[in-house]
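Please look over the sequence and the model below before reading on. The notes that follow are a short briefing on selected local features.

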2 protein chains.
Amino acid sequence: MNEVPEPSPELLQRAGAVRRAAVDLGMADDGQRMQALQAMADALAERSDALVAANREDLDRSASEGLAPALLARLKLDAAKLEGAIDGVRKVASLKDPLGRRDLHRELDQGLTLERVTVPLGVLGVIFEARPDAVIQIASLAIRSGNGALLKGGSEARCTNEAVMEALKAGLASSAVSPDALALLTTRQESLALLKLDGLVDLIIPRGSNELVRFIQDNTRIPVLGHADGICHLYVDAAADLDKAVRVALDSKTQYPAACNAIETLLVHRSVAASFLSAAIPAFRDAGVVLRGDAASVALGVPESATEADWRTEYLDLTLAVKVVDDLAAAADHIRRFGSRHTECIVTEDAAAADRFLSSIDSAGVYHNCSTRFADGFRYGFGAEVGISTQTLPPRGPVGLEGLVTYRYRLRGDGHVAADYASGASRFTHNDLSL
Amino acid sequence: MNEVPEPSPELLQRAGAVRRAAVDLGMADDGQRMQALQAMADALAERSDALVAANREDLDRSASEGLAPALLARLKLDAAKLEGAIDGVRKVASLKDPLGRRDLHRELDQGLTLERVTVPLGVLGVIFEARPDAVIQIASLAIRSGNGALLKGGSEARCTNEAVMEALKAGLASSAVSPDALALLTTRQESLALLKLDGLVDLIIPRGSNELVRFIQDNTRIPVLGHADGICHLYVDAAADLDKAVRVALDSKTQYPAACNAIETLLVHRSVAASFLSAAIPAFRDAGVVLRGDAASVALGVPESATEADWRTEYLDLTLAVKVVDDLAAAADHIRRFGSRHTECIVTEDAAAADRFLSSIDSAGVYHNCSTRFADGFRYGFGAEVGISTQTLPPRGPVGLEGLVTYRYRLRGDGHVAADYASGASRFTHNDLSL
């Protein structure tokens, strides 16, 4: 952690202010938090022209500094994109409250009652590159779930981010939620020091490149929500319907190849490799996908040779590695060895093989006969997505508002003491009550 | 992480074998896992004499090496303690299966169905000091929840641990679960290198001193279940019933002072400080508790003076810090600043004050009018406890079998592709189905 500086007194003070505001925010009720989001949306709408103008400034400066066209496109916040982002805030306002859900309610003894209730995490630390609409999205998710947030955007977007944050705070100022619940960090030093705010920040959410995520994971003790790699696999089983396999494989690779849930490696059962590849190779070629195969698949017509490095590569592009495997177990071994526990699919008409795949592969998503591109919070019906986590512990997979909460045990008694249960004078009843 | 060595090829190979066995174990059904635990219990019972003899060897050697009496007591595994541990295995066998619980079941579109189902974490890495019965307990919790485990015990207990592990594996050999799902690490080098087995170990469970836990937390990227400190607070509010307050405070401190859920600091509202302390000081003195107070409480008769270091100290002994505070907000600020987010209690007859305390203090447990000593998996009715976590993200607080599982999304379709939804040819229905 040598590269990560200690937090400055000023950063500690700002983070402390966010934390204090978050304590009050955590006690705001559902209606107050909904109303705060509507006020944020209204303030953004009122300042629409100024926000687009601030973004224009960022775009002009970044273009003159030679920012790549793809990044300029992500940086752009025009009136239409802003309107979409504002609609997003109102959408998040309308999502079901993730707080105050009771999933355990138990009488331990007469008059001694235990509850487990969802509560906010506290303060989120969000680090993202380029896209200024991410500030709007994450800020609304944070407030909706009762969390404060320290946000650090890319320097390309600094004028936009400052104008957006000013609008969001102006909105909050007309609500029951303190504007102090949100803060924008502006220097690179601050963004790095954020990683050391253990005790003041409860969860880091990186939104950006794999390199950014990996750097953050390697340099903080605060839990990180997200994933560095998305090396997803599709396995074409011996009992696959080959038309279905080609259709699902094509969609999984080409529907949006830069996404983390696009496949990077195709595993094909030896017994159907010749027939599957004879249909798949021209289909992928027509879709502009370059195939790189092991010796067996090259012998069956795959044009380029793969090396072991290919099994470890997230192309995020129209390139796909292909490997012929002996059976489902060999496919599973390959996935366990090279996968990143994101999303994997089996195409088969054999229900037992599908069940075996779905229960033996330990990725966040395990699919049967459908595209890996469905691995997404919106498609799962969560309404909004914070990110996709490939860690083993929950929250895992596409994470919606529910991933921004934790729970707390509340125990209410009337002078109950443990000694009475140790002595046998009292006994636990452990009666579950209605939730 | 300079002190932590890289895993040896042999350790990597052993951990790989546990991981492979864990994959099969993860597919074992409830009955098979229950039966495996019964077989483990039977094997321990059959070898009871040999186990006690192995422990005798450890005890004799450790005594001659000058191990402290308290540690010798923890090391001891006599016939009665072993019988208790065997009963514990059978109890864990009877606990409700934590696997295969479906908490989301949703039709995304006709024929495209999403489930979220609990699955094992994979492999647990367990590091504990002295107590050999912990091997038995943790191994049974691991197998019950479908997880493999790499266990490392203290060198004082090496004969006992090896004999116990041999018995457990012999039991598994007569069950549907492979004995390879459990492995005992024997050298200190291995136990340290365990911390670097990212990708092979999914959760580290330390059972031992605060120093052990803190060292592990600071030296691994693998999630750690547990807590270093347990600095619990009891706040006597202005509206407290003072008899109740004395009774609950005494139990919270003295019922088992070495426990993490015993209180270390007593916060007293200024308006009741004189009357509360006039009753509490003699009561604590009679119970052998040394009080250390701030200036205001010393002025009211607390015999020793506290310094700021006392607010940060987990005494784990019959010493208690006392501070007079202006109001509930000041108590909450003190807890936020010095607490370890374990368990805190308010004693008050004012329901609104209680609600404010329970919703504004972000500890794993927040209590009203009852002893902090109830913070325990058995007392909560979980049947068995893995440990108590003070981290913000779940699992939090006392953790039972449920803390050893995660979930996986399963999506089943029939050739469904994302492009159809992007084009508008198909639309998501997002119909929730019965769980």
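Predicted model: local features only at pLDDT ≥ 70, side-chain atom pairs only at ≥ 80, totals over all residues.

Two helix pairs are described, one in chain B, where helix 14 and helix 15 cross at roughly 20 degrees, and one in chain A, where helix 6 and helix 7 cross at roughly 30 degrees. Two packed helices are described by the angle between their axes and the distance between the axes.

**Helices 14 and 15 of chain B**

- Helix 14 of chain B spans residues 328–338 and helix 15 of chain B spans residues 351–360; their axes come within 11 Å.
- With a crossing angle of roughly 20 degrees, helix 14 of chain B and helix 15 of chain B are therefore roughly parallel to each other.
- The crossing of this pair, helix 14 of chain B with helix 15 of chain B, is right-handed.
- On the helix 14 side the contact residues are Leu328(B), Ile335(B) and Arg336(B), and on the helix 15 side they are Ala353(B), Arg356(B), Phe357(B) and Ser360(B).
- Sorted by class, the contact of helix 14 of chain B with helix 15 of chain B has four nonpolar, one polar and two charged residues.

**Helices 6 and 7 of chain A**

- The axes of helix 6 (residues 133–144) and helix 7 (residues 158–173) of chain A come within 10 Å of each other, and they cross at roughly 30 degrees.
- That angle makes helix 6 of chain A roughly parallel to helix 7 of chain A.
- The crossing of helix 6 of chain A and helix 7 of chain A is right-handed.
- Helix 6 of chain A contributes Val135(A), Ile136(A), Ala139(A) and Ile143(A) to the contact, while helix 7 of chain A contributes Asn161(A), Val164(A), Met165(A), Leu168(A) and Leu172(A).
- The residues of this contact between helix 6 and helix 7 of chain A divide into eight nonpolar, one polar and no charged.

**Helix 15 of chain A**

- Helix 15 of chain A covers residues 351–360, and its buried residues are Ala353(A), Ala354(A), Phe357(A), Leu358(A) and Ser360(A).
- Within chain A, the buried residues of helix 15 pack against strand 7 (232–236), helix 14 (328–338), strand 12 (343–347) and strand 13 (365–370).
- The buried residues of helix 15 of chain A also pack against helix 1 (9–27) and strand 16 (405–416) of chain B.
- At the start of helix 15 of chain A, a side-chain oxygen of Asp350(A) comes to within 3.0 Å of the backbone nitrogen of Ala352(A).

**Residues in helix 2**

- Arg33(A) sits in helix 2 (residues 30–46) of chain A and is buried, with a relative accessible area of 2%.
- Beyond its neighbours within four places in sequence, Arg33(A) is in contact with Leu25(A), Ala28(A), Asp97(A), Leu99(A), Ile143(A), Arg144(A) and Gly146(A).
- Met34(B) lies in helix 2 (residues 30–46) of chain B and is partly exposed, at a relative accessible area of 30%.
- Apart from neighbours within four places in sequence, Met34(B) is in contact with Ala93(B) and Arg144(B).
- Met34(B) and Arg90(B) are separated by 56 residues in sequence and by 8.6 Å in space, C-alpha to C-alpha.

**Ser297(B)**

- Ser297(B) belongs to helix 12 (residues 295–299) of chain B and counts as buried, at 0% relative accessibility.
- A polar atom of the Ser297(B) side chain lies 3.5 Å from the backbone oxygen of Val322(B).
- Not counting residues up to four places away in sequence, Ser297(B) touches Leu277(B), Val302(B), Val322(B) and Val324(B).

**Backbone geometry**

- In chain A, Pro394(A) and Pro395(A) are joined by a cis peptide bond with omega about -5 degrees; Pro395(A) lies in the loop between strand 14 (387–389) and strand 15 (397–399) of chain A.
- In chain B, a cis peptide bond joins Pro394(B) and Pro395(B), with omega about -5 degrees; Pro395(B) is in the loop between strand 14 (387–389) and strand 15 (397–399) of chain B.
- Asn369(B), a residue other than glycine, has a positive phi near 55 degrees.
- Asn369(B) is in strand 13 (residues 365–370) of chain B and counts as buried at 2% relative accessibility.
- His430(B) is not a glycine, yet has a positive phi of about 50 degrees.
- His430(B) lies in the loop between helix 16 (419–423) and strand 17 (431–432) of chain B and counts as partly exposed at 28% relative accessibility.

Notes
Residues numbered from 1 in each chain as written. Chains lettered and ligands numbered in written order. Heavy atoms only, no water. Axes fitted to C-alpha atoms, helices over the stretch in contact; angles between N-to-C directions. Helix = DSSP H or I, 4+ residues; strand = E, 2+ residues; numbered from the N terminus. Parallel < 35°, antiparallel > 145°, perpendicular 65-115°, else oblique. Left-handed = near helix turned anticlockwise from the far one by under 90°. Contact = heavy atoms within 4.5 Å. Nonpolar A, V, L, I, M, F, W, Y, C, P; charged D, E, K, R; others polar. Buried < 20%, exposed > 50% of the residue type's maximum accessible area, 1.4 Å probe, protein only. Polar contact = N/O pair within 3.5 Å; in protein donor to acceptor, adjacent residues only side chain to side chain.
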